[in-house]
Amino acid sequence: MESNKHFVVGIFNDQDILINAVKKIRSEGVKIHEVYSPYPVHHLEHALGYKRSHMPVAAFFFGLTGTILAILMQTLMMGVDWPMIIGGKPFISIPAFVPVTFELTVLLAAYGMGFYFFITQDLGPTRVPRIFDRRATDDKHVMAIDLSENTRSEDELKVLLESVEAEESYRKDFTDEENEPSFGKYLIDVLTNGVTSSSRQLN
Amino acid sequence: MASEVQDIDVNEQFQFTAKAKKTLFTILGVGVVSLVIGIIIEMVGGGAEHASLTPVNDSMASTNAMAAEEGHAYHWWNKLFVNMWINNVYFTGLALIGVFWVAVQYVASAGWSAGFKRVPEAFGYFLPITGVLTLVVFILANHDMFHWTHANLYDKSSPSYDPIIDGKKGFFYIPGSDSVPSIPIFYYIRMVFFFIIWVLMFNLIRKQSILEDMNGGLKHYRKMITISGAFLVFFGLSSSVSAWDWVMSIDTHWFSTMFGWYVFASWFVSGLAAITLFLVMLMEAGYLKILNENHLHDMGKFVFGFSIFWTYIWFSQFLLIYYANIPEESIYFYERLTSDNYSKYIFFNLMLNFLFPFLVLMTRDAKRKMTLLKIVCVVVLVGHWFDFFLMITPGTLKENGSFGFMEVGVTMIYLFGFLWVVLNNLSKHKLIAVNHPMLQESIHHTT
């Protein structure tokens, strides 16, 4: 995993400067690895050129699964397996099935979307965060540019970052250990030392 | 990004052109022709033929017999008055929701809608007209439409004495009194009072809105928040009570505690569809340049969401009645579902008002496309007309009710009036509230 270790990191103070910087850097043909921000920045995803998520389509089909499951379940239970007379209604009485169908639709859509999000965003429970700069959780926007994904040198990228008003820019290397972290070690590290030491120290 | 849109001219003025007027007169012409054809059909014998049909169920038979006793045979004008009543309720709703929408935006300090708030605001100008029409139609046709207006129902010595309706007389005549005057005083007071307060508050809001154009500043904005808050409180009460009065009291024995909400939901979603339709049409005609698909997207969300809200209310009312199966409650749906005239419209109603907007407006892209929004809004508006048709016609016209030329005609004449009044008043002042303090927020609105 040699290829994923060397980054140039740019720190930004303002979201408007950040968005303009992202646009400028991308227009120069430089590939941005990722941008970390303390809060959701409007239009950042457009500036970064991210494609629309498939979440709505997935949600529709999760919901549809719930609808079909609920109707099947109730029809089989109330119509075939154990028919009961309730209030003189037919065994399979569609209006009475609607609330349960609605609830299962919502339940499966919600759970499906949750799991879909965690899986597609690689947010499983054993995921170990690779922290570029801890200030990304406080008051700075952090842009990471992967050196191996770009033809430009470290110094050229630093100059470019400064030209788009980055507050500071520095090189960030991850060791093999940090790059492919073991969850067990990470857990022990967090438990003994607090938050992992792989992040840049605050002044 | 702010710099991209700052030089857009917000000083727009809507022109009520001769071409638009011609289109409206075409609507009026088709409506009048359709109405005349409808009246001729009813006069020639549609009614007599229907009257000979066997009544659908016992309740209808008994009320029919009662009606015959009282000398209320079916005439073509009964149908005309019922149609006018449907449209009174429907267009009062549209006009009222225009004011309600504006009031909600002010109370919620909403900025995104500031750019087009003049459009729903102009709806309110139709309120005085429906107010007068509602009063006139009630004065002319109360005995034909409202069973409870017959004096012999309250007379213990009469064979048609009705203890249930007698128990409700305080609500119609004089609260807390046993006397039954010849006119339903309390009912009239409510009707007149609601319309006067609605029109009054609408005029206050409108006046501040126009003054804001001239003077600017925050003074008028703050005043409008106060008026809007007062209007919302009054609206919350009056919309429910007017739904009981004008719609639910037709089926006098029957009651539903959800009825106020049901009518409000129907009003609100049709009002939202009307606002969206106006916006799309105006934008296509080159007006409201500050709006873009982001505003339409939010209006689309409203239409989508409140279509589901209406369905939720409709179904909640239906399910409880279906499940409890108490005769005096289930009669409402029994009358409609077992009748050849109305049963088909129940499912038609659900399809137009729930399935269609639900499936079509579900995706993000659909809410941002003018063509799709236009189709859905028209369907929703038609669908909710049928909703009111289903609320009002079965109880008033019984087995004589149907959807035909007369329904189309009367509705088109009302539509002409509504469009004329709204567009005429839109053209009198600036189309965009130029001094609205949140106008910039509206211009830069994104979803």
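Hi everyone, I'll talk about a sheet in chain A and then a pair of helices in chain B. Keep in mind that this is a predicted model.

Let's start with the sheet. Strands in a sheet pair through backbone hydrogen bonds, either parallel or antiparallel. Here we've got 4 strands in an open sheet, and reading across chain A the order goes E2-E3-E1-E4, with antiparallel pairing. E2 and E4, the latter covering 168-173 of chain A, are the edge strands, so to speak: each pairs on one side only. On average, neighbouring strands are turned by 25 degrees against each other, ignoring direction.

Now, who packs on this sheet? Helix H1 of chain A, residues 15-27, touches E1, E2 and E3, and its direction makes about 140 degrees with that of E1(A). Helix H5 of chain A, residues 154-163, touches E1, E3 and E4, at about 15 degrees to the direction of E1(A).

Zooming in on the pairing, E1(A) and E3(A) are joined by 6 bridges, and Gly10(A) has Met143(A) as its bridge partner in E3(A). E2(A) and E3(A) share 3 bridges. Over there, Tyr36(A) is opposite Val142(A), and Glu34(A) is opposite Ala144(A).

Okay, over to chain B. The axes of H14, residues 343-360, and H16, residues 370-397, come within 9 Å and cross at roughly 155 degrees. Angles over 145 count as roughly antiparallel, so that's what H14(B) is to H16(B). The crossing is left-handed. Residues meeting there include Phe348(B) and Leu352(B) from H14(B), and Val379(B) and Phe386(B) from H16(B). By class, that contact has 15 nonpolar, 4 polar and 1 charged residues.

Terms used
Residues are numbered from 1 along each chain as its sequence is written. Chains are lettered from A and ligands numbered from 1 in the order in which they are written. This is a predicted model: local features need pLDDT of at least 70, side-chain atom pairs count only at pLDDT 80 or more; totals for chains, interfaces and linings use all residues. Axes are lines fitted to C-alpha atoms, for helices over the stretch in contact, and angles run from 0 to 180 degrees between N-to-C directions. Helices (H or I, at least four residues) and strands (E, at least two) are DSSP runs, numbered from the N terminus. Angles under 35 degrees count as roughly parallel, over 145 as roughly antiparallel, 65 to 115 as roughly perpendicular and the rest as oblique. A crossing is left-handed if the near helix is turned anticlockwise from the far one by less than a right angle, and right-handed if clockwise. Two residues are in contact if their C-beta atoms, placed from the backbone, lie within 7 Å. Ala, Val, Leu, Ile, Met, Phe, Trp, Tyr, Cys and Pro count as nonpolar, Asp, Glu, Lys and Arg as charged, and the others, Gly among them, as polar. Two strands pair if DSSP finds at least two bridges between them.
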